[in-house]
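Subject: The model, and what turned up in it

Hi there,

Here is the structure I promised to pass on. Could you open it alongside this email and follow the residues as you read?

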Amino acid sequence: MTSAAIRRPIDWTGIIFAVVLTLVIVLPLVVVGTWAFTNVWRFPSVIPQEFGLRFWNQTLARADVWSSITMSLTLAMTVTLLSALICLPAAYAFARLDFPGRNILFFSFLAGHAFPKFGLLVAIAGIFLQLNLIGTFWGVVLIQLVGTLLFMIWIPVAAFQSVDRRMEEAARDVGASPMRVFWSITLPQAGPTIAAAVLLSFVGTFYETEGAWLIGAPQVRTLPVLMISFINNQPVIQYGAVLSVLLWVPSFIALLFARRVVNSGSFARGFGG
């Protein structure tokens with residue numbers, strides 16, 4: 001059989017779909033990135049009349065920008081750490097133990113994402129109001145902690161279930177303690193997928209806006225909440241564009257971390273692939 005005979009036809013539908021999808025994702029990022037470094041861009045010019053860092057200087061000179069960045073990083077690290085401490089042992093129990101109500105409880109973590117999020121947040125805000133958690137740091141931590149449950153339960157459960165049980169049993173047969181088996185066999189195999197879950201939780205918390213705005217504002221102001229305030233109060237596109245570019249930084253750092261630490265199959269295993 002010749003090479004021409006086995007040559008596969010070009011999938012033009014797939015190519016067109018990939019090009020359209022790329023344009024839909026990349027084009028808005030290019031436009032926002034261009035606005036961030038533009039001093040003057042007037043209609044009908046296709047490209048800016050003047051590039052520069054004027055709006056970067058004005059934005060970074062504001063104290064509330066730096067305080068919101070610090071608040072966003074503090075919240076993201078606190079929520080991710082608490083979520084890992086609470087959810088990882090629970091994920092191990094869901095993956096390895098059989099107890100009454102296990103399936104119902106497991107799917108209940110998905111239920112929070114099966115309904116309109118803002119309605120759920122409003123209902124929780126009513127409870128927080130009675131507990132004096134509105135406008136407090138820990139109120140925002142708790143509301144954002146709810147948003148991490150799906151990543152920090154479902155993905156680690158899949159990670160623990162994918163560990164080769166035969167290796168664990170072999171280690172136990174030669175006298176290894178349960179803790180030694182966990183640290184030497186279970187955790188190294190499940191670790192990359194768990195790292196993917198932690199990464200998604202950190203980035204998701206850093207970008208979380210609705211809960212932080214509803215529970216924390218105006219006392220607790222994160223960077224996304226500040227960006228909304230900028231856009232509403234100062235109709236200058238460059239201010240919002242500069243803050244958007246600042247919000248991209250954690251994503252790029254996370255992607256670099258993922259490329260080095262997390263292998264390509266970890267995310268797929270976490271979602272059952």
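Predicted model: local features only at pLDDT ≥ 70, side-chain atom pairs only at ≥ 80, totals over all residues.

The axes of helix 4 (residues 63–96) and helix 9 (residues 178–207) come within 9 Å of each other and cross at roughly 140 degrees. Here axes are lines fitted to C-alpha atoms, for helices over the stretch in contact, and angles run from 0 to 180 degrees between N-to-C directions. Helices (H or I, at least four residues) and strands (E, at least two) are DSSP runs, numbered from the N terminus. The two helices are therefore oblique to each other; angles under 35 degrees count as roughly parallel, over 145 as roughly antiparallel, 65 to 115 as roughly perpendicular and the rest as oblique.

Residues are numbered from 1 along each chain as its sequence is written, and side-chain values use heavy atoms, with hydrogens and water left out.

Met77 is exposed, with a relative accessible area of 51%; buried means under 20%, exposed over 50%, and partly exposed in between (1.4 Å probe, protein chains only). The C-alpha atoms of Met77 and Thr205 are separated by 8.7 Å, although the two are 128 residues apart along the chain.

Next, the cores. A nonpolar core is a set of buried Ala, Val, Leu, Ile, Met, Phe, Trp, Tyr and Cys residues joined through side-chain atoms within 4.5 Å. The largest one has 19 residues, of which Val65, Leu223, Leu243 and Leu246 touch the most other members. Helix 2 (12–36), helix 3 (54–60), helix 4, helix 11 (223–233) and helix 12 (237–261) each give two or more residues to this core, and helix 12 supplies the largest share, seven residues. A second, separate core of 17 residues includes Phe109, Ile153, Ile155 and Val157.

Val65, in helix 4, is buried at 0% relative accessible area. Leaving aside neighbours within four places in sequence, Val65 is in contact with Thr59, Leu226, Phe230, Leu243 and Leu246.

Helix 6 and helix 7 also pack together, at about 145 degrees with their axes 12 Å apart. Leu121, Ile124 and Phe128 in helix 6 meet Gly139, Leu142 and Ile143 in helix 7.

Which residue sits in the loop between helix 6 (117–130) and helix 7 (137–161)? One is Asn132, whose phi is near 60 degrees, a positive value in a residue other than glycine. Asn132 counts as exposed, at 63% relative accessibility.

Finally, a cis peptide bond joins Phe43 and Pro44, with omega about 10 degrees. Pro44 lies in the loop between strand 1 (38–40) and strand 2 (50–51).

Best wishes

Note on methods:
Contact = heavy atoms within 4.5 Å.
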